[in-house]
Structures are given as structure tokens and as C-alpha cells.
Amino acid sequence: MRIVTPKNQPAFRLVTSLLVAMVFTTLTGLAQENSFAKVDEYLKAEMQQQHIPGLAAAIIKDGQIVYAKGHGLANVEHQVAVKPETIFQSGSMGKQFTAAAVMLLVEDGKLSLDDKITRYFTAAPAHWQNITIRHLLTHTAGTTDYPPSFDFRRDFTEDELLEQAAAIPLAFQPGERWSYSNLGYVMLGVLISKVTGKFYGEFLQERIFKPLGMTTARIISEADIIPNRSAGYRLVKSELKHQEWVAPATNTTADGSLYLTLYDVAKWDAALYGEKLLKRSSLDLIWSPVKLNNGKTYPYGFGWMLRMANGHRLIEHGGSWQGFKSCISRYVDDKLTVVVFANLAQTNPEHLAHGIAALVDARLLSADDQARAQKINAMLKDVLIRAADGAATPDVFTAEARTELLLDKLRQIGDALKPLGTITAVTLGGRTEEDGIY
């Protein structure tokens with residue numbers, strides 16, 4: 001923190017030491033310093049605020065893990081702690097693996113992105129006749145999400161899943177606009193099976209997981225004995241409940257039904273920097289924004305959202321399924337990746353991943369994070385001015401901060417600020433040092 005007065009004098013040690021508790025307990029998500037200890041503090045605070053039972057996070061730099069740690073409980077009933085080896089469900093993070101599988105088949109010459117899906121689905125309805133594989137990959141086919149009547153407690157075969165999808169009218173004509181569609185990726189999984197003659201999960205094992213050494217990556221299975229498997233939870237009226245049950249066969253679709261660990265995703269991330277798995281030309285297609293019929297683009301590729309974070313290119317995707325949340329955020333030009341898994345349905349994994357990235361490098365604050373920082377800067381400026389005027393009260397702080405910032409300490413802060421003159425700005429950023437003062 002730097003407090004600016006008309007003479008631009010840095011606030012001395014007493015002020016900063018007294019304010020540190022307030023900063024760490026009220027400014028979650030802002031870059032404090034490039035320290036993994038601060039990552040631990042940040043995640044601990046977020047888990048408490050979001051009521052997350054268990055969480056695993058990894059920071060990967062230049063394809064190498066520099067931080068991988070579990071926090072909280074993988075299983076609340078048995079009090080099993082989360083470890084880096086803990087297995088979580090991927091949710092829609094798994095779509096990027098489905099997209100990669102399709103691109104492997106493109107490279108094999110088995111299909112083309114502009115093939116009409118009716119070539120592979122011979123019993124397709126008439127309204128599917130203009131849908132291409134590219135449309136499904138980019139969520140521009142006009143297909144929808146699961147309808148409210150969909151019975152997740154029933155085991156569906158792949159053909160039955162196609163029948164369910166075919167019965168739903170298109171929301172728009174293919175290529176007209178972008179609309180997220182889980183059913184579109186379910187259809188891609190069935191398409192992979194029809195092209196290869198293998199269940200898409202088997203194809204993933206053969207062509208992606210085994211070659212990359214992703215030894216614990218696999219399709220969801222309740223029947224198998226799977227070491228280090230986490231349990232998923234949800235909050236119902238503030239009470240923790242187990243994940244909702246989904247029929248085993250239905251819980252294997254290509255829209256995001258994978259088990260993954262931090263180590264699995266780290267190996268996947270490393271492979272994406274080279275051509276071990278896919279050609280560079282294929283990766284470029286995967287990370288290109290989709291072009292709509294009207295010539296405009298939408299910032300989504302094949303199973304990846306395409307964003308900018310304060311001028312830094314960000315390729316990422318989240319996931320949500322059965323009480324689990326996930327996110328992989330790849331700041332590709334910085335060769336920095338953050339992976340987050342959590343076992344609570346209400347978790348905000350993107351917020352966690354972005355917060356971790358900003359702790360590692362304050363330049364990676366997104367526009368939303370910057371707006372939030374500006375709001376907090378203004379709040380802190382008001383608090384400090386009130387403290388200097390002797391009018392500060394602890395009610396604006398969190399409960400944790402109030403235990404540290406008692407009225408006598410606020411008075412001390414005010415007394416320390418008065419000689420500095422009028423406060424004109426308060427800026428929060430990374431850890432800085434000026435003449436030995438932090």
C-alpha cells in the first residue's frame with residue numbers, strides 16, 4: 001500500500017504495520033506480493049467466505065509446477081484432507097479434451113471441421129442438416145442445454161442421448177450467434193464414438209491421457225475403486241449436503257465427465273506449449289475466436305474462453321458438475337497457468353484462479369479486478385481520511401479485522417497520518433520497498 005500526500009511522503013512503519021490486518025482481511029483477490037504464503041492466506045480467506053469444504057490449487061510457470069497444494073477436506077464425513085493428488089470432477093473443463101480429441105481425428109484425416117454432422121448421424125432430424133462439427137465445437141450450432149425435463153437419474157445409451165437432443169428445436173440457425181450448449185458437446189462425444197468405433201473416453205485414454213502421462217485422468221465411475229477421490233457438496237439453506245446423484249452411464253458424457261488431479265492438468269498444460277499432442281496449426285484453430293454468420297466474432301474457440309486480463313492474453317475454462325467446480329486459467333504470453341478445483345457447487349473458481357494469478361503477478365489483474373481495486377482504494381481513502389480526522393469507527397471492517405483494528409489503534413493510525421498532510425490517493429498493488437519502508 002502507498003499513501004500519497006501533497007509532498008508524496010511514504011507513510012511510515014507504524015501506519016503500515018497497523019493497517020496490514022485490515023488489508024489482508026478485506027482485500028481478498030488483490031495482489032499483495034509475489035509470495036506463495038500469500039496464496040495460502042488468500043485461499044484460506046476465500047474458503048471461509050465461500051464456505052468451501054476442500055480445494056486444490058496449482059501454479060504452473062513455464063510448464064513446471066511451482067505451487068501445488070490442497071486445503072480443507074476432500075471428504076467431510078471422514079475428515080480426509082485434500083492433497084495435490086486428490087481427484088476432483090472436471091465439469092466443463094473437460095470440454096477442452098473433447099475438442100482436442102476431435103482435432104486429433106481431423107489431423108488423422110478421419111473428419112473435417114466443416115463436415116455436416118448428418119454425415120455421421122444418419123437418423124438426424126431435418127433441423128440438423130446445416131450443423132457442422134465446427135458449430136458444435138464453438139457453441140454456435142443452435143443446440144441448447146439439457147431441458148428441464150431431462151432425467152439425469154436414467155441411464156441413457158448414446159443413441160438415446162441423440163434422440164433426446166434431436167427432439168429439441170434449435171434456438172437459432174447454425175452460426176447466427178453463440179450460446180453455450182452442453183448437449184452440443186454430448187453430441188461430439190457420440191460423433192467420436194461413431195468415427196472411431198470406440199467410446200470417446202477410451203479414445204481419450206489412448207490418444208491423450210496415456211501419451212501425456214496423465215495417469216489419474218479418467219471418465220467418472222462410481223463402481224470403480226479410485227484412490228484419493230473427493231466427494232462433492234452443495235449448500236442447501238446454508239447446510240452442507242452431498243452432490244446430487246446422476247445415473248452411471250449418463251454421467252460419462254463428453255460435456256465434462258472426467259476425474260482429474262492437479263498433476264494431470266499440469267501435464268496437459270505443458271503439452272499445450274509444444275506439439276507433443278497436436279500440431280501448432282490445430283492449437284491455433286482451437287484458440288481462435290469463432291466467426292459468426294454476420295462476420296463478427298465471439299471470444300470462444302474450441303472448448304476454451306478467450307479473454308484479456310489487463311492486456312495479457314488469457315485462455316481459460318471453468319467447470320461445474322455434481323458439487324464440484326474447476327477452472328484452468330492460462331496466461332499464455334506470460335507462460336503462467338493457474339488451476340483450481342473445489343468440492344462445493346457454489347464456489348466461484350474463476351475468481352479464485354484470477355486472484356491467485358494477481359498475487360503472482362499484479363499486472364494480471366483483469367478489468368473487473370481493477371474496477372474492484374479502484375472501489376476498494378476509494379473506500380480505504382475515505383477510512384484513512386476519517387482516521388486522520390479522529391472520526392474512524394471499526395464498523396466498516398470485517399469481523400476479523402475488527403479484532404485487530406480496535407479504536408485505540410485507529411486513533412494511533414489517525415495520529416500517525418496527521419503530520420503527512422491531506423491524503424490525496426491510496427493505491428494498492430504488489431509489495432514494494434522504498435528506502436527500507438514497505
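## A first walk through the structure

The buried residues of helix 5 (residues 158-166) are L161, L162, A165 and A166. Buried here means under 20% relative accessible area, with a 1.4 Å probe and protein chains only. Seen down the helix axis, these buried residues fall within an arc of 135 degrees, so they line one face of helix 5; the arc is taken from the directions from the helix axis to the C-beta atoms. An α-helix has 3.6 residues a turn, so residues three or four places apart point the same way. The partner of the buried residues of helix 5 is helix 6 (182-196), against which they pack.

A word on the source: this is a predicted model, in which local features need pLDDT of at least 70 and side-chain atom pairs count only at pLDDT 80 or more, while totals for chains, interfaces and linings use all residues. Residues are numbered from 1 along each chain as its sequence is written, and side-chain values use heavy atoms, leaving out hydrogens and water. Helices (H or I, at least four residues) and strands (E, at least two) are DSSP runs, numbered from the N terminus.

The largest nonpolar core has 79 residues, of which W128, I133, I208 and W268 touch the most other members. Such a core is a set of buried Ala, Val, Leu, Ile, Met, Phe, Trp, Tyr and Cys residues joined through side-chain atoms within 4.5 Å. Leaving aside residues up to four places away in sequence, W128 touches I117, T118, F121, L162, A165, A166, L170 and M187, where contact means heavy atoms within 4.5 Å.

Next come the strands. Two strands pair if DSSP finds at least two bridges between them.

| Strand pair | Sense | Bridges |
|---|---|---|
| Strand 5 and strand 9 (residues 258-260) | antiparallel | two |
| Strand 12 (residues 305-309) and strand 13 (residues 312-321) | antiparallel | five |

An open sheet of three strands runs in the order 5-9-6. Strand 5 (88-89) and strand 6 (218-219) stand at its edges with a single partner strand each, so one side of each has no neighbour in the sheet. Q89 has Y259 of strand 9 as its bridge partner. Strands 12 and 13 form a hairpin with two residues between them, and N310 in the turn has a positive phi of about 55 degrees.

Q96 is buried, with a relative accessible area of 1%. A polar atom of the Q96 side chain lies 3.1 Å from the backbone oxygen of M93.

Definitions and conventions:
Buried means under 20% relative accessible area, exposed over 50%, partly exposed in between (1.4 Å probe, protein chains only). A polar contact is a pair of N or O atoms within 3.5 Å; within protein, one must be able to donate a hydrogen and the other to accept it, and residues adjacent in sequence count only if both atoms are side-chain atoms.
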